[in-house]
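Good morning, and thank you for coming.

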Amino acid sequence: MDSLSAKWITPKKRINLPVFQKSFELNSSIKKAKAQISGLGLFELYINGKKVHDTYFEPGESVYENTVYLCEFDITRFLVKGENTVTVHLGNGFYHNDKNQSERLNRTPKILGEYMLLCQIDITYTDGSTQTVITDESWLCSKSKITESVWLGGEAYDDRIEYDFSLPVKVIAFPFGTLKKKYFPSVKAMKTITPVSSFKNKNGNTVIDFGQNFAGTYLFLASAPSGTRVDFYFGEVLNEDGSVNQKDFWGKIYDTYIFGDTPASFTPKFVYHGFRYIEVIGLEVDKTDFIGIMLHTDNKPVSEIHCDNKTVSHIHSVITRSIEDNMQSVFTDCPHREKLGWTEVYQLLFTTIAYNYDVKDYYKKLLFDLADAQAENGSIPSIVPPFTQEIKEHALREGSDLTPNDPSWCGSIILAGLKYYKFYGDKDLLKSLYPYMKKYLAYLDTLSEDYLLPSENLNRDLGDWMAKEPPSVTFVVSCVYYKLYKVMAEIAAIINEPDLYSETAEIIKSAVNQHFYKNGFYDNNSQSANALALAYGLTDRKEVFENLLNAVIKNDYRLTVGEVALKPLFDVLCHNDRRDIAYKVFINAYAPLCENRTTLPESWDGRYSQNHAMLGAGDTFLFEHIAGIKNEGVAFDKYSLNPYLPEDINELLLFFNSPCGEIKICLKQK
């Protein structure tokens, strides 16, 4: 950036997790001071031994090849007249994800670049004079007390190590794209919790139970002789013997602390975990030795729901808790085994997230991440940033280096882009993203045949992911293909671009109807197939809705859809005046799923990860079809209310601070 004279520096001789330091004199009284800093992969900044920011994992993940973010902090109160010392610790994240020797989970081993630091401190004295401290060859570095840091697998910290700032640094050319000032919220400690219990399991280890599943970290406070090693293993659930179950973590996830000469006050610097339980190996401990720290991006809540039906309230709480846990510097799939930005939730969960949190700046960053990740051929990965090297199981087809190219995932730049505009009214963002949208749609055209998207042309079959009765993948992705063209026509009209899309959309619509419409239903006559056809505007035939309605009723008001058709199912039922049916489906789907849980599991049967947000789109039902809010314009400059109160809810209060002001709704039974 033009205002910076600082230089990027790196250790002259390679050091794992280096710590940089510089001392300088201040000769007068200070009026103000700021630090501009970026460190790769992650950094923490200290002045005179005190951390100057209350945020974690700065500067945040990005598609580093194209964008790296620069943070700015007011450091006035940390500086003193006389000698001062600035210290910066660098961590790994996905950026410097080296192979490890400890068997910690590490599914994406790849080094994107050298450890690098850029820091400039600008000081203004009370007399108006100024002083600048910059990173250059005069800085020194030391090895860290952190001996291993694996973003997925955990961190090891040896408190016996002494810092020795005697190692030289060198200036390094910035090898990436653009350095941009950070504009989106950072990860913060949003809440601390105390464990509810601790107990000895059959292995003789102490298990700490925080009483709820969450994403975050912990503070460990204890005393032990120097050299004592303690390992902390994390789990969402327990095995029969009381040990933590890491089966669905796909590898070992644990932290290590080795005592020095002083009592421990330990929190890992550069990793976080998803867990309810910590199994402690190597030391007798108690629940009073731990404090839990919930971490997520500081996206402020914009709504409150108060409902006298405890089941509804609990469902809402479980869904929002899962959203919060996955709101990191990217919106992750889960906070433990992957921590990856699977992009389908960017569009499928947009309204659910935006009704609950102010994500105007956060989502802008996510959408620009998608643009940054676009390849020359127009394709966009389904995982962004694309930290996927060597992933085989689940994420990629065996032996392939390509993430799935299903348009429900990769088309989020278009689908979430329009939703963002309608919610927040930022036309300039649409204009900025439009060239990337066009390029993506042109890429998708190369996968089509006769205006359909055959599943064999995709890298992996996803379709209506997690559906109990899945329709054919070709049908699902062809429906999305049609929707993308319809949405692009709408976007073009908004930003005064020519309509290059409506005519093709009608051809795709005709092809889908010709191949998949049968006698009153679509594809396999599943809830997913008929809901998607109706919701996406491929048909308005009454017999299709009747088939959908009958399928829901005959299934005892239980859904069989996956994440792609989830919101469409609720919308179609409600738009056809069957909110009574939709409410039964909502309760039957979520009540058993959320019972005895504090976060949302990955599948409808409760298996796998216990902290996925992807099935949370049902929460929008409470805003749009119970409270009955409808955004009739742009950014709620016009809206209507058409509430519906089921018989088993006596009172519901909803406060929503929309982009155009607060909406308050109070519903009571007569």
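Let me begin with a definition: helices (H or I, at least four residues) and strands (E, at least two) are DSSP runs, and they are numbered from the N terminus. What you see is a predicted model, in which local features need pLDDT of at least 70 and side-chain atom pairs count only at pLDDT 80 or more, while totals for chains, interfaces and linings use all residues. Residues are numbered from 1 along each chain as its sequence is written, and side-chain values use heavy atoms, with hydrogens and water left out.

First, the overall picture. How many helices and strands does the protein chain have? It has 14 helices and 32 strands. Its radius of gyration is 26 Å, close to the 26 Å that the globule rule gives for 670 residues, so the chain is as compact as a globular protein of that length. That radius is taken over C-alpha atoms, and the rule is 2.2 Å times the number of residues to the power 0.38. Along the principal axes, the C-alpha atoms fill a box of roughly 80 × 60 × 55 Å.

Of the 670 residues, 62% count as buried. Buried means under 20% relative accessible area, exposed over 50%, and partly exposed in between (1.4 Å probe, protein chains only). Let us turn to contacts, meaning heavy atoms within 4.5 Å. Among those with a separation of 6 or more, 76% are between residues 24 or more positions apart.

Next, the backbone. Most residues other than glycine have a negative phi, and most peptide bonds are trans. Where are the cis bonds that I wish to show you? One joins leucine 40 and glycine 41, with omega about 0 degrees; glycine 41 is in the loop between β3 (30-40) and β4 (42-47). Another runs from valine 384 to proline 385, with omega near -10 degrees, and proline 385 belongs to the loop between α4 (360-373) and α5 (407-410).

Two residues other than glycine have a positive phi. Aspartate 523, with phi near 50 degrees, is in the loop between α9 (502-516) and α10 (527-535). Is aspartate 523 buried or exposed? Its relative accessible area is 9%, so aspartate 523 is buried. Phenylalanine 636 has a phi of about 65 degrees and is placed in the loop between β29 (629-631) and β30 (639-641). Phenylalanine 636 also counts as buried, because its relative accessibility is 2%.
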